[in-house]
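This report is meant for a reader coming to the structure for the first time. Please look over the sequence and the model, and then follow the sections below.

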Amino acid sequence: MKIAEHLEFSTFNFQSSMETIGTQVRLPFKRALAIAVSGIRIRLGRSLVTVSGVVLGIAFLMSNLTGQIVKTALSEEREQSQRVDMMMSLVNAEVGSLEDRTVAVAAFGRVTATDLAFVGRVNSSGPALFRAHGLDRSGLTAVSLQELGKDADLVFVMGDAASASISLQELTAGMASPLVLDTQADREYTGEVGDGIRREPFFGKQAEDMKEEAEVAARTERFRVTWILVISLLVTVVTVANALLMSVTERFREIGTMKCLGALSKFIRRLFLIESALIGMAGSVCGALVGAALTMVIYGAMYGFGKVLLSIHYGQLLLAAVVAVVCGSILSMAAAVYPARVASRMVPADALRSTV
Amino acid sequence: MAREIIARATDVTRRYRLGAEEVWALNGVSMDIYEGEYLSIMGPSGSGKSTFFNMIGALDVPTSGTIEFMGADLFSLPEDKQAWIRCNQIGYIFQTFNLIMVMSALENVTLPMILRDEPQEQADARGKEILEMVGLGHRVHHLPDQLSGGQRQRVAIARSLANSPRVILADEPTGNLDSKIGQEIIDLLKKLQVEQGVTIITATHDSKMLEISDRIAWIRDGKLERIENREDVEIKSGSMH
């Protein structure tokens, strides 16, 4: 067909005698967003490659974060059960089996998870009666402080308060051979220490030394962990930046075309930033999920899924995921800033000539 | 009748750096371009004609000298005014088409309308209409690499017409096409000029282009060698036969 014959010029407006030069409109954000989204859609294959770069980087970061959370949780659990074992062996050394005995516990201030685990262990070792004051657990009989010692074989004292609000005499009133096991060696009691009352700390000096050693080890571990996280963050930065750099530079020619059709530099820049933010978010969410899931599967296979799933702190895991997603999105945008700026500043002729 | 000047080049130079070497693609070109004329820029490849052409179209910045467009110094205009000129006043047709390869024919044609914030539906309707006029009504959703060279150039033409430009800059528009479609494009450009008063500026090797041009500018080694009116060329060629 002959183009010239089919063009109905009447539908055009070539004769608009515009004598003053106008100003190009700035496209509203919604419009830019729509264009960026359709840009991702029409380049779906390429976009997915870019996204997978982000997924890879963030999955790496997230798997390191998750690994730390799982490891910490597992070692906390191990440490706790070790301490409970130590406490139980002291109890057994002092009074033998707890079966059919009468025991009591007094809590002053906040109790630790280890203390609670110990109470649970004592309760499950079959005492006839387990009285408690300041601790509301099932299987424990709540009584007043003064009634705690009546006919009891053993009284436990726990909690973080530096002083107890009772004297040892009152606490052990009614006990045949008064014995108090305290989680704190230096807790102060009101009044005098009565005759014939034995008060032993759960953890002697040796145990405290062990704790200190463990703390030193934990500090070294923390440093190592920080180092790994820094490295994994760097790997993430490089992976994400590389993915986005490629996707921008291979489009120089297209940018030139858009500029020659009237696109403003600012608009080009905005387009790429929106695109990279979207890609960054999508990639980070996927990466965080993949990284967390994979790590948990691996640790689950090593230590048992039940143990891993029960011991980890889900709050920490969520926080790590949020950190990874925010990191990924910001990194993606930051990685796109430079190439987008280069692209947007290109003279159209140079961009058109580019053959990247 | 005094003719309006739409674009004026004054002592334009353009220097490229190729490694350590400096290449003067343009070396002091001055020329007036009149509203509504059909101007062909001739010259061997490497003569600087494409460079000159890019400057008239606000696509490249001269090393020195000025380009005036619609009476204003083009390269001292702020970016948004330059973009407005590119979007509303100039339609570009390239030898290599320069279509966006990931966009359909329709998306390519509507792009200039989108960039001046026309509503999507309106742009789509108009884009389809223009594509139909250039005989691609049945290829609206095809990607450029699903189209033949001639069809691609029609998409490019449809795109260049989208915003009813005042000037059409066609850089070797027939260079990659067979002579039949080439002739169609030449006919179209001529018709646009004659019937609609659109200024046509082409860079070309095509002798058929010369026959319909009002003026022919010869550029050689970065300099304007001469400008001929068609009448003169015809007289010359007439005297030869």
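## The nonpolar cores

In this predicted model, B:I56 touches B:A7, B:A9, B:I33, B:I67, B:L169 and B:I201, when residues up to four places away in sequence are not counted. B:I56 is also, together with A:M62 and A:A324, one of the residues with the most contacts inside the largest nonpolar core, which has 129 residues.

## Strand 3 of chain B

Strand 3 of chain B covers residues 38-42, and because 5 of its 5 residues are buried, the strand is largely enclosed by the rest of the structure. B:Y38, B:S40 and B:M42 point one way from this strand, whereas B:L39 and B:I41 point the other way, and all are buried.

Strand 3 of chain B pairs in the parallel sense with strand 8 of chain B (residues 199-204) over 5 bridges, and within this pairing B:S40 stands opposite B:T202. Strand 3 of chain B also pairs with strand 9 of chain B (residues 215-220), again in the parallel sense, over 4 bridges, and there B:M42 has B:W218 as its bridge partner.

## The contact of chains A and B

The contact takes 35 residues from chain A and 42 residues from chain B. On the side of chain A that touches chain B, at least two residues each come from helix 1 (3-6), helix 2 (29-42), helix 7 (252-260) and helix 11 (348-353) of chain A. Sorted by class, that side of chain A has 19 nonpolar, 11 polar and 5 charged residues.

Definitions and conventions: Residues are numbered from 1 along each chain as its sequence is written. Chains are lettered from A and ligands numbered from 1 in the order in which they are written. This is a predicted model: local features need pLDDT of at least 70, side-chain atom pairs count only at pLDDT 80 or more; totals for chains, interfaces and linings use all residues. A nonpolar core is a set of buried Ala, Val, Leu, Ile, Met, Phe, Trp, Tyr and Cys residues joined through C-beta atoms within 7 Å. A residue is buried if 20 or more other C-beta atoms lie within 10 Å of its own, exposed if 12 or fewer, and partly exposed in between; C-beta atoms are placed from the backbone. Two residues are in contact if their C-beta atoms, placed from the backbone, lie within 7 Å. Two strands pair if DSSP finds at least two bridges between them. Ala, Val, Leu, Ile, Met, Phe, Trp, Tyr, Cys and Pro count as nonpolar, Asp, Glu, Lys and Arg as charged, and the others, Gly among them, as polar.
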